Amino acid sequence: MSLLEFRDVSYWYDGGTLKILQNVSIEFEKGNFYTITGPSGSGKTTFLALASALDAPKSGEVLFEGKDIQKIGLGNFRNKYVSIVFQSYNLLPYMTAIQNVVTAMEITGSKVSNKKQYALEMLEKMGITADQAKQKVLTLSGGQQQRVSIARALSCDSQLIVADEATGNLDETTSAEIVKIFQDLAHVDGKCVIFVTHNNDIAKIADVQVRLSKGSVSVTKKNKKLQLSKY
Amino acid sequence: MEGKNVNFIKRALLSVKERKAKSFLQLIVFTVICVLIIAGLSIQSAAEKSAQLARESLGGTVTLQYNSEKMMEEIKNQMGERPERGSEQQGPGQVPSPGQGQGFSPFSISNEPVKLKDAEQLISSSYVKAYNFITSTTGYTDSFEPVEVESNSSSFGGFGGPGAGEMEFSMGDITVSGQLNSDLATAFMDKTATLVEGLHITEEDKGKTVVLVEQTLADQNDLAVGDHIKFGAEDNENEQNYEIVGIYQSEVSTNDLNTPLSAMLPYNTVYVPFDQVNVIKGDDATDTMDSAVFYMKDAANIDAFIEEANSTSIDFETYMLDANNQLFEQMVGPIENVSSFSKNIVYLVTIAGALILGLLIMLSIRERKYEMGVLIAIGERKWKLIGQFLVEVLVIAVLALGISYATGGVVADQLGNKLLENQLVSGQEAQPESFGRFGGGDFNPFGNSTPSSQVDVIDEIKVEITPKDFGLLALIGFLIAIVATVLPSLTVLRLKPKAILSKQD
């Protein structure tokens, strides 16, 4: 059984005059690094919003482990089953890096006993030092903030990770490092990673490349072992 | 699970701490609101306390008597309708008119005496500690010599104005004061009279021909306890033989007296059981009295007692229960105005405060939409976001309450006394010049006018924050915090994280 499935999903605006997705059906499995690509206005962000339960389809179903996520409850689904990484990091500015991670763990009801220690480990795994972890997030660089947001997503131990242009604001080197992290999350940790991007170089190294165009999807499966070295 | 439930509290505390400027602004606004409210509440409490003290200083007494307002109306009517009339025989229920004679129109008032059965309806009230029945009349005697008024004041003049002239008056020899319990008579209660020998007249003396006489009178006539004296109405009518059971001494100096009538000298007042006065007055006065005085167990019970009395069969069109209300109003009038003003302050500040704070919080929530979008995207419940805002404001509220407790007393004291001062000044300015007639007090046809100089108008209040005031402030403060937070926060319920985050991006 797939982890996440779009079944005949449609989405539109303005009472149906502006159709974004039309009867889209696609499955996502654990251990794969997916990229969602497509031109501007093709519905990438909408697709991601539906995958992460930030929104619900106008018709059709989004299933998680076979269950309609609307029946699970969108808030409940976000809380328990999915982690989101945003292009603009979306960290809480009045908190330190470690506080951002711990807050997410508390909200999602992480069962880890020493959350602070675990958050620090996650941050260090993402390349954030202990000193940086204690700083307010706004004092960190863009790349560091994105690492913090990934650490936040990882700390919640969700099987499904969705990332929206997670490298869009980063330089090439940092982007490569971040993409590598996501790939490892899929290939090493066995998570299902859905990575929205307009960067073809990243799309090329995806296990499965999903291309959105005119409301429909086309899927291209690739070799899992491809890695993005530099772009 | 526990951490999951309270994470919004931790987040709120962190937010208050880290968003120093905004927290400080909210703290200032909330503190100002709290200080004004606590000032208003404290001033009200102080005013209530002052009113209670004023009530206690006037004594916890309520007097059942003829309705004086009705009597004043009768006087007005008679003065207007009867321009000239000869002197009238004074009888029970008629008021002596000191200005009888040339140029002064006499008037007669049907002063309905209080019925014994009416007074007895009130004596069993649980609020009553003691009671006294009072009635008095003028007495005439041939068996002893009353103390005479000094010659330079023995004639009566000057009241009636032009034409009144000087003339001799015969208004009896003595004042016969009937009491159920003479130790409760005003003179003894005021300590202007003290029993020096013998016994007071008590309820048990009802029906007995016993009397208390003043020492000066006793000395002048070689009277002692156990002796007998005779007195009655004019022309020896209803005269009886009374046994002296006690001698008292009046502390009133003759220099303080301003009476032309020897009968009105305190030395010539004799106390008898109240029903004996009725004997002198005649059959019409049986089982009646001028007034019945009820002493409350607690002055605070006066209103409750009056309310209880209103449910009896006593005709309060004819009679009234007087708790020194006019004096009380004079004393507490300015402070009650201050209290009323401070009550308005509390209402105004509470409403305005909730609005101002609500607007501040609404602006803050608008600014924090992004933060809320992030938290909702992570999976935070919306009610917890509202909870976070509420905790943030409550933290500020607690700090503001603490500051207002520390500083509110001083502010309230200053504000209260300044308001009272303004009230007193405006009260003096508003008083007409003619207000000074009859000594500036209430004219009473019985002659016991109460000059306002005898009344100490409360001109200072001691405002303190009581635990009750602070408790009420805390309640109002928390209500303001809740209303000002929850209403603007309801917009959170409509938030869609996708919309927030996509706008942010």
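The model is predicted. Chain A and chain B bury about 2,300 Å² between them, and the contact draws 28 residues from chain A and 25 residues from chain B.

**Extent and make-up of the interface**

- Carbon and sulfur atoms account for 59% of the area buried between chain A and chain B.
- Of the area that chain A buries against chain B, 31% comes from Y94(A), E106(A) and I107(A), more than from any other three residues.

**Polar and charged pairs**

- Between chain A and chain B there are 2 salt bridges.
- One salt bridge joins the side chains of K136(A) and E18(B), with N to O at 2.8 Å.
- Across the interface of chain A and chain B, 6 residue pairs are in polar contact, both residues being at pLDDT 80 or more.

**The side of chain A that touches chain B**

- The elements of chain A that contribute two or more residues to this side are β1 (4–13), α1 (44–51), α3 (74–80) and α4 (97–107).
- The greatest contribution is that of α4(A), with 5 residues.
- By class, the residues on this side of chain A comprise 12 nonpolar, 10 polar and 6 charged.

**Helix α5 of chain A**

- In helix α5 (residues 115–125) of chain A, the buried residues are K115(A), A119(A), L120(A), M122(A) and L123(A).
- These residues lie on the same side of α5(A), because they cover an arc of only 160° around the axis.
- The packing partners of the buried residues of α5(A) are α4, α6 (130–133) and α7 (142–155) of chain A.
- After α5(A) comes G127(A), which has a positive phi, near 90°.

Notes
Residues are numbered from 1 along each chain as its sequence is written. Chains are lettered from A and ligands numbered from 1 in the order in which they are written. This is a predicted model: local features need pLDDT of at least 70, side-chain atom pairs count only at pLDDT 80 or more; totals for chains, interfaces and linings use all residues. Side-chain values use heavy atoms; hydrogens and water are left out. Contact means heavy atoms within 4.5 Å. Buried area is the accessible area (1.4 Å probe) that two parts lose on being put together, summed over both. A salt bridge is a side-chain nitrogen of Lys or Arg within 4 Å of a carboxyl oxygen of Asp or Glu. A polar contact is a pair of N or O atoms within 3.5 Å; within protein, one must be able to donate a hydrogen and the other to accept it, and residues adjacent in sequence count only if both atoms are side-chain atoms. Helices (H or I, at least four residues) and strands (E, at least two) are DSSP runs, numbered from the N terminus. Ala, Val, Leu, Ile, Met, Phe, Trp, Tyr, Cys and Pro count as nonpolar, Asp, Glu, Lys and Arg as charged, and the others, Gly among them, as polar. Buried means under 20% relative accessible area, exposed over 50%, partly exposed in between (1.4 Å probe, protein chains only). The arc is that of the directions from the helix axis to the C-beta atoms.
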